[in-house]
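Work through the exercises below with the sequence and the model open. Each task is followed by a solution in steps.

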Amino acid sequence: MKEANESRSRLKRELDQARLLRVCDKGCEAGRLRAKYSAQMEDLQRKLQHAEADREQLRADLLQEREAREHLERVVKELQQQLWPRGGGSKDGTPQDN
């Protein structure tokens, strides 16, 4: 009977130790997952900031291109008016064939 009680006590201690290790493993795994997700979030935030910077640069480039196009359209219109004064050209601003 004494041996059975000792065996039972030993098994109970081993079970308690196993439970503690399992709790530690779960906690450690949770910590690893938190670290992994934090790293992923930082990476995604960095990518988002880069994409936003690219978008702003594209907007600035688009605005510059639009302004350049509008300027060229005005220059072309002025040149057409100088070359073909009113009444001397067709509706689209090109000279009419005689």
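A salt bridge here is a side-chain nitrogen of Lys or Arg within 4 Å of a carboxyl oxygen of Asp or Glu. The model is predicted.

**Exercise 1.** Decide whether Arg55 and Glu56 form a salt bridge, and state how exposed each residue is.

Solution. 
- Step 1: the closest N and O atoms of Arg55 and Glu56 are 3.3 Å apart.
- Step 2: the cut-off is 4 Å, so the pair Arg55 and Glu56 counts as a salt bridge.

**Exercise 2.** Find how Arg69 and Glu73 are placed in the helix, and describe their contact.

Solution. 
- Step 1: both residues belong to helix H1, where Arg69 and Glu73 are 4 residues apart, about one turn of the helix.
- Step 2: their side chains meet in a salt bridge, with an N to O distance of 3.1 Å.
- Step 3: Arg69 has a relative accessible area of 42% and Glu73 one of 45%. Arg69 is thus partly exposed, and Glu73 is partly exposed too.

**Exercise 3.** Which residues are linked with Asp43 in a network of salt bridges?

Solution. 
- Step 1: Asp43 forms a salt bridge with Lys47, at 3.4 Å between the closest N and O atoms.
- Step 2: Asp43 and Lys47 lie 4 residues apart in helix H1 (residues 2-83), about one turn of the helix.
- Step 3: the network links Asp43, Arg46 and Lys47.
- Step 4: Asp43 is partly exposed, at 29% relative accessible area.

Definitions and conventions:
Residues are numbered from 1 along each chain as its sequence is written. This is a predicted model: local features need pLDDT of at least 70, side-chain atom pairs count only at pLDDT 80 or more; totals for chains, interfaces and linings use all residues. Side-chain values use heavy atoms; hydrogens and water are left out. Helices (H or I, at least four residues) and strands (E, at least two) are DSSP runs, numbered from the N terminus. Buried means under 20% relative accessible area, exposed over 50%, partly exposed in between (1.4 Å probe, protein chains only).
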